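Please read the points beside the model shown here.

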Amino acid sequence: MISNLFIFDSILLLLVTITAITVVQVKDLFASSMLAGLYSLLMALVWTNMHAVDVAFTEAAVGAGISTVLLIGALVFTGRQEKKSDGVKPGALLIVVITGGALLYGTIDMPAFGDPNAPLHTHRGEKLLLQNVGKISLDEKGQRVDHPLYTESYQKEHWDLGDYGSGDEWNELAKSNDFYLHGAPHIPNTVSSLLADYRSFDTMFETAVILTAGVAMLILLRRREEDPEPTMDTADHDTIKGDN
Amino acid sequence: MEDQVVLRVVAKIMIPFIIIFGLYVITHGDFGPGGGFQGGVILASAFILYGLVFGREELAKAVPPRIVEAFAAFGVLLYSGVGLYGLLSGGNFLDYSYITPHDPRTGEAWGIILVEYGVGITVATVMIIIYNMIAERIGDE
């Protein structure tokens, strides 16, 4: 069964593979950086095809946008041509082949893409959509009560779709205005809801990691104001003298 | 690149739209694809474009590095502040339902908008910091 999507996906993945090999093969590092950006752009198209728009968005903004600028910035210090390599090392090649083979072997266990009977769709997805971790409400007297939206009986009555909801049933539900305006327990974009609410601790510390990266850049690379000569070697030298 | 007229004109026209789009992506993360991280990166790209075309001194004039660095910390502070608000109101850390206690759904929407802006501010400013640091070193060479 060859659908248009299959042909489109095949062409995209072929282009992705070619770009990836070229990124490694090309000796000019400037061309290599540009191709890495192109690789990200192609991957963003692949994600979009898989309906993972949030991932595609990140891939396009970070991979094709910012990281290309940063790679080219780094190129100024490293020079434009790759050093001569020693050729293929058999030991390294063996490790790469074994790791790649193990990863491919692992994918055999995965359900087919879009399989409605995949575990994610049969029980996990519904629970994630209706997640009610720690959802409480206060009544008129200020007492903690279970908000009706998050009680099991309410959810069973309104959203229970049997053992698992089929894609069509969910689509029907999602199309009705009531779902988002009056009944849906969460914001419409499930990805945001999961990342910023269900897994909010995770996201908070991810943000802290990004801040740490920025602070590390400042500590390592900031030109100190008292430096008379602003090159890296003199800066280090001066710091040592200053400490004495 | 300061003598490239076409680049300068196009950059000047594009930058406001990139900033608006970045803010839109952060704000609209509740309803469509996007969110703090993607929006923050888009926001940063507007400033990096400005720095690339007009030079890093001009960028430092437009957004002073001290303010950028302060905002990087402010983003994380905003995120954890929202969490702390839930804690101080008697709930769990990062429990958004306490923002509007009688309607936890609205509380969640508010909480998510606020933390997305926290993420967006930190991501945007850290990207600008990284660009600044690299550009500074390039200027030294």
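1. Chain B and chain A bury about 4,800 Å² between them, with 68% of it on carbon and sulfur atoms; buried area is the accessible area (1.4 Å probe) that two parts lose on being put together, summed over both. R105(B), E108(B) and R137(B) supply 16% of the area that chain B buries against chain A, more than any other three residues.

2. This is a predicted model, in which local features need pLDDT of at least 70 and side-chain atom pairs pLDDT 80 or more, while totals for chains, interfaces and linings use all residues. Residues are numbered from 1 along each chain as its sequence is written, chains are lettered from A and ligands numbered from 1 in the order written, and side-chain values use heavy atoms, without hydrogens and water.

3. The contact (heavy atoms within 4.5 Å) involves 56 residues from chain B and 56 residues from chain A.

4. One salt bridge is counted between chain B and chain A, the term being a side-chain nitrogen of Lys or Arg within 4 Å of a carboxyl oxygen of Asp or Glu. E69(B) and R222(A) form a salt bridge through their side chains, at 2.9 Å from N to O.

5. Five aromatic pairs are found over all chains; rings of Phe, Tyr and Trp (its six-membered ring) pair if their centres lie within 6.5 Å, and planes under 30 degrees apart count as stacked, over 60 as edge-to-face and the rest as tilted. F57(A) and F21(B) are stacked, 6.4 Å centre to centre with 25 degrees between the planes.
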